[in-house]
Protein chains: 2
Amino acid sequence: MPDRKVAVIAFGGNALIREGEPGLEQTQMEHATKLAAELVGLVGQGYRLLLVHGNGPQVGNSLIRMEESVAKVPPLSLHTCVAETQGSIGCCLELALRSALGNRGEVVTVFTPVEVSEDDPRIDKPSKPVGPFYSPYRADHLVRVLDWDMVEDAGRGYRRVVPSPKPIRVLNAALVDSLLDRAGIVIAGGGGGVPVARIGDRIVGVEAVIDKDYTAALLAVAVRADLFLILTAVDHVRLRFGKPDETPIDRMTVAEAERYLAEGHFPPGSMGPKIEAGIAFATERGGEVLITSVEKMAEAFAGRAGTRIVSNEKGNRS
Amino acid sequence: MPDRKVAVIAFGGNALIREGEPGLEQTQMEHATKLAAELVGLVGQGYRLLLVHGNGPQVGNSLIRMEESVAKVPPLSLHTCVAETQGSIGCCLELALRSALGNRGEVVTVFTPVEVSEDDPRIDKPSKPVGPFYSPYRADHLVRVLDWDMVEDAGRGYRRVVPSPKPIRVLNAALVDSLLDRAGIVIAGGGGGVPVARIGDRIVGVEAVIDKDYTAALLAVAVRADLFLILTAVDHVRLRFGKPDETPIDRMTVAEAERYLAEGHFPPGSMGPKIEAGIAFATERGGEVLITSVEKMAEAFAGRAGTRIVSNEKGNRS
């Protein structure tokens, strides 16, 4: 095995479609181009990168395209929508990265099926909202035509909810690992991966989505990453976020992170999964976790920004 | 390099959505499952497989989803639609193949950008029909809203046409080659690949589609394939196809294939590109080309069906 330094970098689909943007391709490519410049800087520091992107706004647009046309062409299952976004977002990122890298390295995007358990209790409890808000009339129509689960979000309308089971295993993790020996940048696990389950001898798609932070943690362990970087909307993780006495955290041990999590500092569906994913990686692999924004990535890398999670051993040594 | 025997297998998107079918996911998976059983048979004979699928009916459905929803969400460029189908068709095939293979091998699907030249004269002459037929009213609307090129097809309505430039280079061909050392089955170049061009320092998507047979031939040369198998709707290539005296061809040399092509036996947009792709591979690589149907694949492999194209040297020796 070649001597290599690997950073796994997780970021949301909102890195390419920002809050309030409709998601024009040209705008997504502009965001991708800026992100690519930052990422190529890390390649210049000797890292091989494994990128795990989300797909929230993009799969939201796919779902709108699908339900608007369902009278004309067959609907798509959710796992196929996720597979589509692995292609389309991977394409946008790979072209931006190839342009930024020039001859300094290869980029590869790989389709990634991720196993979930049919027995995961989360499968029977659709709770993750996807896509836009609908009027009561349209929501009722979609429930009847597409058999969607919909919930009312106080004041904003109805929204589709889908199951979000925990990922057990990235089916091609060993292959992704080997790709990091050949390519400077690998894009895998897009949208959290395409959820699949083993039913007897078969591997079948599951009508669900997987949180990309959990999948990124699995991949980070599998490829023996040195660093797990989680990009989000804020520069730092904060205690008492949004309260008058909120406090940014520079560094915490796994034990501290677990305590804050139990105390309710990190809401589920937002910072919670990132902290859980960071704890999983720091515990199993012992590597460093860094949580920050795209804008602060370079500073955070240099130790001047962001929130670090370190294993309890490392926390005790320092 | 490991000792290996590689077959490159090209087949259309109509292997999964047959003529007249709407393209339900369940039906596509049924077709994929039957195809996978045949393909796994070849793996059992010691071949590593590189699959290059088309996407005609699937991208047609994507384009309908896009134009039906264009008042609500931004339209997709054609290269992004192709990227989407690399994800969705790759997903369907990979899950069917993983189910069929069990523990007998690994499958991987890789995003594949393919370079075309901005100076290709075909870029300025949209001629490849994609998507459904439209009424004159709807066609006029789509020309105004989406700036599509449309042509009238006598009696059947208007249809979108797009450029179909020749592929120059598969950007990640070396990586695809290396994947064949690790995985029994690699899926690459889907939909003919995502067309990209070099504009200064940048690599950008091109509003076009690439014929998958040409891309498959490039890949077959790049991975030093032993066999290039082109699956199509007919069991044999025929001279004077559709005429009362039509004659199936069992075997022809490159020189014979070139002569028949020049004589107009193989129409452009149908058998023509397959013969051209076969000629390119047999000439550059010297390997064997086999053209037949999915149904006759196993028989053709055993030498009892299909049409073979061999290099002039091999033709002279036999």
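Is B:His53 buried or exposed, going by its relative accessibility? And once that is settled, what surrounds B:His53, and how does chain B meet chain A?

A: Happy to walk through it with you; please keep in mind that this is a predicted model. B:His53 counts as buried, because its relative accessibility is 1%. This histidine belongs to strand β2 of chain B, which covers residues 47–53.

Setting aside neighbours within four places in sequence, B:His53 is in contact with B:Phe11, B:Thr85, B:Ile89, B:Gly90, B:Leu93 and B:Lys212, among others. Its contacts also include B:Ile187 and a run of glycines, B:Gly189, B:Gly190, B:Gly191 and B:Gly192.

Next, the cysteines. Over all chains, the count of disulfides comes to zero. In chain A, A:Cys92 is in no disulfide, and the nearest cysteine sulfur, belonging to A:Cys91, is 7.2 Å away. A:Cys92 is buried, with a relative accessible area of 11%. In chain B, B:Cys92 is likewise in no disulfide, with the sulfur of B:Cys91 as the nearest one at 7.2 Å. B:Cys92 is buried too, at a relative accessible area of 11%.

Contacts between the two chains involve 50 residues of chain B and 51 residues of chain A. About 4,400 Å² is buried between them, and carbon and sulfur atoms give 62% of that area. On the chain B side, B:Glu25, B:Arg65 and B:Phe111 lose the most area to chain A, together accounting for 15% of what that side buries.

A:Glu68 and B:Lys72 meet through their side chains in a salt bridge, with 3.1 Å from N to O.

Which parts of chain B do the touching? The elements giving two or more residues to that side include the helices α1 (25–44), α2 (56–68), α3 (78–101) and α5 (173–182). Strands β3 (107–109), β10 (194–199) and β11 (202–205) of chain B are listed with them. Of these, α3(B) gives the most, with 11 residues. By residue type, the side of chain B that touches chain A divides into 24 nonpolar, 15 polar and 11 charged residues.

Methods
Residues numbered from 1 in each chain as written. Chains lettered and ligands numbered in written order. Predicted model: local features only at pLDDT ≥ 70, side-chain atom pairs only at ≥ 80, totals over all residues. Heavy atoms only, no water. Contact = heavy atoms within 4.5 Å. Buried area = accessible area lost by both parts, 1.4 Å probe. Salt bridge = Lys/Arg side-chain N within 4 Å of Asp/Glu carboxyl O. Helix = DSSP H or I, 4+ residues; strand = E, 2+ residues; numbered from the N terminus. Nonpolar A, V, L, I, M, F, W, Y, C, P; charged D, E, K, R; others polar. Disulfide = S-S within 2.5 Å. Buried < 20%, exposed > 50% of the residue type's maximum accessible area, 1.4 Å probe, protein only.
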